[in-house]
Amino acid sequence: MEDLARALAEFVRHHQAWAAPIVMLLAFAESLAFISLLVPAWGALVAIGALIGVSGISFWPIWIAGGVGAALGDWLSYWFGYRYKEQVAQMWPLSRYPEILPRGEAFVKSWGVPSIFIGRFFGPLRASVPLAAGIFEMSYWQFQIANFVSALVWSAALLLFGDVIAHAIEWVWRVV
């Protein structure tokens, strides 16, 4: 996965017009139930964030694209859970990892709406919390508000983390 993140960042560095669509797709995959287990895209998002300051890529369109992609992934996960409820537990990968859904359920029931915001920042919870919120019929509008706000904060955090790392490395090279 590290090689994929590096290759995507290199592609974005040379084809900056593709930065926003790629970030949107990566954030969508990272937030989508089931798919997020196969496509851990956060490394690529941080790597692309590292390009912001050093290559002149504009932060704002990439930030919005990441936030929208993440929110759409969670929205689809919520809908899937709401639509398929009990059948979800029998589907792969939840059938192989039966502890994921009960953890998501307990988290959603315990924390309510803030669970959407908190879950966004913790790997395994990121995609299972929206799925659980749909299964257990969390209020649609409460979910969506928390979903979009947390997606924008998450996107900014990953991209800015990459940018800070890039500036720190640049500073170290100047000092050495």
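How exposed is K109, in relative accessibility? At 58% relative accessibility, K109 counts as exposed, a term for residues over 50% relative accessible area, while buried means under 20% and partly exposed lies in between (1.4 Å probe, protein chains only).

## Basis of the model

This is a predicted model, in which local features need pLDDT of at least 70 and side-chain atom pairs count only at pLDDT 80 or more, while totals for chains, interfaces and linings use all residues. Residues are numbered from 1 along each chain as its sequence is written, and side-chain values use heavy atoms, with hydrogens and water left out.

## Overall fold

The protein has 9 helices and 0 strands; helices (H or I, at least four residues) and strands (E, at least two) are DSSP runs, numbered from the N terminus. Along the sequence the pattern reads α-α-α-α-α-α-α-α-α. The radius of gyration is 17 Å, close to the 16 Å that the globule rule gives for 176 residues, so the protein is as compact as a globular protein of that length. That radius is taken over C-alpha atoms, and the globule rule is 2.2 Å times the number of residues to the power 0.38. Along the principal axes, the C-alpha atoms fill a box of roughly 55 × 30 × 30 Å.

Of the 176 residues, 45% are buried. The protein exposes about 9,400 Å², and carbon and sulfur atoms supply 71% of that area; accessible areas come from the Shrake-Rupley method with a 1.4 Å probe, and for residues only the protein chains shown count as cover. Among contacts (heavy atoms within 4.5 Å) between residues at least 6 apart in sequence, 77% join residues at least 24 apart.

Helix 2 (residues 19-31) has 13 residues and reaches 18 Å from its first C-alpha to its last. This is close to the 18 Å expected at 1.5 Å a residue, where the expected span is 1.5 Å times one less than the number of residues. The buried residues of helix 2 are A19, I22, V23, L26, A27, A29, E30 and S31.

L45 is found in helix 4 (residues 42-55) and is buried, with a relative accessible area of 3%. Leaving aside neighbours within four places in sequence, L45 is in contact with V23, L26, A27, W154, L158 and L159. The C-alpha atoms of L45 and R6 are separated by 10 Å, although these residues are 39 apart along the chain.

## Salt bridges

Side chains of opposite charge can pair when their charged atoms come close. The whole structure holds 6 salt bridges, each a side-chain nitrogen of Lys or Arg within 4 Å of a carboxyl oxygen of Asp or Glu. One of them joins D3 and R6 at 3.9 Å, N to O. Both residues lie in helix 1 (residues 2-14), 3 residues apart, about one turn of the helix, and both are exposed.

E105 and K109 form another, at 2.8 Å, N to O. They lie in helix 6, 4 residues apart, about one turn of the helix. E105 counts as partly exposed at 23% relative accessibility. In helix 9, E170 and R174 meet at 3.3 Å, N to O; being 4 residues apart, they are separated by about one helical turn. E170 is partly exposed at 33% relative accessibility, whereas R174 is exposed at 63%.

## Loops

F136 sits in the loop between helix 8 and helix 9 and counts as partly exposed, at 33% relative accessibility. Not counting residues up to four places away in sequence, F136 touches E105 and K109. F136 and G81 are 55 residues apart in sequence and 8.1 Å apart in space, C-alpha to C-alpha.

E137 is in the loop between helix 8 (123-135) and helix 9, and is partly exposed at 46% relative accessibility. Most residues other than glycine have a negative phi. The phi of E137 is positive, near 55°. K85 also has a positive value, near 25°, and lies in the loop between helix 5 (59-84) and helix 6 (100-111).

## A nonpolar surface patch

F117, F121, F122, I145, V149 and V153 make a nonpolar surface patch of about 530 Å². Patches are made of residues with over 30% relative accessible area and no salt bridge: like charges are joined within 9 Å, nonpolar side chains (Val, Leu, Ile, Met, Phe, Trp, Tyr) within 5 Å. Helix 9 (residues 140-175) gives the largest share of the patch, 3 residues. F117 is in helix 7 (residues 114-119) and is partly exposed, with a relative accessible area of 32%.
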